[in-house]
Amino acid sequence: MENLSILTHFDYTLMIVAVGAALLGTVSGALGSYAVLRRQSLLGDAISHAALPGIAIAFLLTGSKTPLILVLGAAIAGWLGTLLIMSIVRLTRIKYDSALAIVLSTFFGFGLVLHTLIQRTGNANQAGLDTFLFGQAATLLERDVLTIGILGGIALVVMLIFWKELKLLVFDEGFAASIGFPTRTLDILLTSLLVVAIVLGLQAVGAVLMSAMLVAPAVAARQWTDRLRLMVFLAACFGALAGVSGTIISSTASRIPTGPTIVLCATVVVGLSIAFAPNRGLIWDRIRQQRNRRNLKMETSRY
Amino acid sequence: MLQGHLDILSIAIVTAAACALPGVFLVLRRMTLMSDAISHAILPGIVIAFFLTGNLSSPLLILAAAGTGVLTVVFVELLQRTKLVKEDAAIGLTFPALFSIGVILISRFAGNVHLDMDVVLLGELAYAPLNRLKIFGSDLGPVPLYVMGTILVLNLIFVVVFYKELKLVTFDASLAAALGFSPTLIHYGLMTLVSVTTVGAFDAVGSILVVALIAGPPATAYLMTDRLSRMIILSAIIGCVNAVSGYWIAFLFDVSIAGAIATMTLIIFVLVFLVVPNRGLIAIARRHARQKWEFAQTMLVIHLFNHEGLPEAETESAIADLHEHLSWDPGFTNQVVKYALSNRCVSRKETQLILTAHGRTIAQQALVQ
């Protein structure tokens, strides 16, 4: 009977939100694979926080709350933040983690300053800070889902076009550079794709949790395969799965926010993958250890 | 009015200094993002303790939150130890999950209690002094000042007492282990301090901006010095400068204090990044420019030296044709000749360029090298 109650919940609005979350999970799962493999899992966290001043400036300049304009502002700020991180790492001895932390927190702080400025002008039509931080999946409209679909689709197509180059960048950057690939340009391209995925996700899951949407599906997918192609595909599927199941679960009871539920669903997928994945998984590993122990005992007992 | 300024300023300064001390070691040990993770992951701890006590300023809250912070570190390490997940991904998995639990708990059960998400995440320094410590009716000052003051003293004691151990573990963990110092113990000690500091500071500046206070000043100081002791002192000073300047900007423009402090952290970091001697961006650019001219000058004197005293010397050292012999751009060649003339490596003899004694030495040295 539980199934039936879920089905009756499946009204139109919910379907829109679920489709949006699924698209978002697909895009961020696929692109997040690269971030995880390059050990830049937390770049998403930095970009999503760094986007705040961009949103505020876009609003201050245009006075409009049109999603596309705010998204553009967010993308530009997130992108600038990433460039700053890259140049700090390249030009100073400050390591990646510190550069990330500085850009993340100070850009966000600057955004907060701008936000209080907006608030003070008494403009009722202000960009909600809560929405930015936690997202409001429930407010996703058909046109938002369309935007996610189109921009996310473009990002995925670009990823497929540069498949070979990005693969090389991820696994052997030095080799890529030595055979003449413009690694810095590719780095910026990959980051730009991540920026697109993150900015699209801000409205649905918010800045704080967006990084999980990039990391969790990719980490889960990594446990099942050693091939990039399969990993990206699986991550996209896991992302979509987390998006849909999170949306449905949060709709079954009142006052369960969608974004955090999606993140918890993705985390559950990671937990299951780490436990059960063949070859790499913990349970598999335990079985192999026992078999090895038994074999060793048998071998040694012969002598 | 003045009292209000003083209260907020003193809280800001004490918080900045308290965050900078453990921050130095996080920056050096490449674990800065643990502070980001801890500052988010303490949320469920705060929420649960809040449900139990019903009081946002109860000491139990700080303990529970700090416990959750340490738990985060344990989770991250456990995930890493499976060897299935790298450190960055382990952090990126752990804190959003814990944070999500916190958010769900709040929206599910705290609908009618006062626990504002914004306050946890963003903090509001302007309200901090409203919470006064009163004993027998006499006002002893704002509570957050005492909380952060205590944490500052704790951090100071930890850093001073374990200075040698921290230094060793930070710069050579395997040597430390070989000598019998436990890197794990020091690590968890440090992480406990980071948790406690984060929890104490979130009240004043919010959990995201704690990261600015922990990472910003030590990274700025790292650009300025090679000595650990100097870096610690500089970090504390820079933290205070950020706090004070941020506060005044916030006051002048009537904006978020914590946000303004974070903005000042970025501005001062970028300034130092640009102008610091030897390692700054400007110094690097100038060094590159100087090296370019010196290299060209060396090429020029070597060229002159090679043909000196030989029959073709007259054509090879004609100023007007030099660019062809060296295959340089004519304009560039002129500038190099001017540079070399000003350094007295060469001198002009009618249409010829001849080496001075100094120039000859340079050429000889360069060839020997």
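Helices are DSSP runs of H or I with at least four residues, and they are numbered from the N terminus. The model shown is predicted: local features need pLDDT of at least 70, side-chain atom pairs count only at pLDDT 80 or more, and totals for chains, interfaces and linings use all residues. Residues are numbered from 1 along each chain as its sequence is written, chains are lettered from A and ligands numbered from 1 in the order in which they are written, and side-chain values use heavy atoms, with hydrogens and water left out.

**View 1**
Asp285(A) and Arg288(A) form a salt bridge, and their closest N and O atoms are 3.1 Å apart. A salt bridge here is a side-chain nitrogen of Lys or Arg within 4 Å of a carboxyl oxygen of Asp or Glu. Because the two residues are 3 apart in helix 14 (residues 282–302) of chain A, about one helical turn separates them. Asp285(A) is partly exposed, at a relative accessible area of 29%, and Arg288(A) is also partly exposed, at 27%. On this scale, buried means under 20% relative accessible area, exposed means over 50%, and partly exposed lies in between (1.4 Å probe, protein chains only). Elsewhere in the chain, salt bridges that share partners join Arg38(A), Glu173(A) and Asp187(A) into one network.

The whole structure holds 8 salt bridges over all chains. One of them links Asp187(A) to Arg38(A), with 2.8 Å between the closest N and O atoms. Asp187(A) lies in helix 10 (residues 183–205) of chain A and Arg38(A) in the loop between helix 2 (12–37) and helix 3, so the pair ties together parts that are 149 residues apart in sequence. Are these two residues buried or exposed? Both Asp187(A) and Arg38(A) are buried. In another salt bridge, the side chains of Asp144(A) and Arg143(A) meet at 4.0 Å, N to O. Asp144(A) is buried, with 6% relative accessibility.

**View 1. The interface of chain A and chain B.**
The size of an interface is often given as the accessible area lost when the parts come together. Chain A and chain B bury about 4900 Å² between them, and 74% of this is on carbon and sulfur atoms. Buried area is the accessible area (1.4 Å probe) that two parts lose on being put together, summed over both. On the side of chain A, Leu42(A), Arg93(A) and Arg255(A) lose the most area to chain B, together 13% of what that side buries. The contact (heavy atoms within 4.5 Å) takes 57 residues from chain A and 60 residues from chain B.

Side chains of opposite charge can pair when their charged atoms come close. How many salt bridges are there between chain A and chain B? The count is 1. Arg93(A) forms a salt bridge with Asp226(B), where the closest N and O atoms are 2.8 Å apart.

**View 2. Ser105(A) in helix 5 of chain A.**
Ser105(A) lies in helix 5 (residues 96–120) and is buried, with a relative accessible area of 0%. Its side chain reaches the backbone oxygen of Ala101(A) at 2.8 Å and that of Ile102(A) at 3.4 Å. Not counting residues up to four places away in sequence, Ser105(A) touches Ile208(B), Leu209(B), Val211(B), Ala212(B) and Ala262(B).

**View 3. Thr116(A) in helix 5 of chain A.**
Thr116(A) is also found in helix 5 of chain A. This residue counts as buried, at 16% relative accessibility. The side chain of Thr116(A) reaches the backbone oxygen of Val113(A) at 2.7 Å. Leaving aside neighbours within four places in sequence, Thr116(A) is in contact with Val255(B) and Ser256(B).

Key. Polar contact = N/O pair within 3.5 Å; in protein donor to acceptor, adjacent residues only side chain to side chain.
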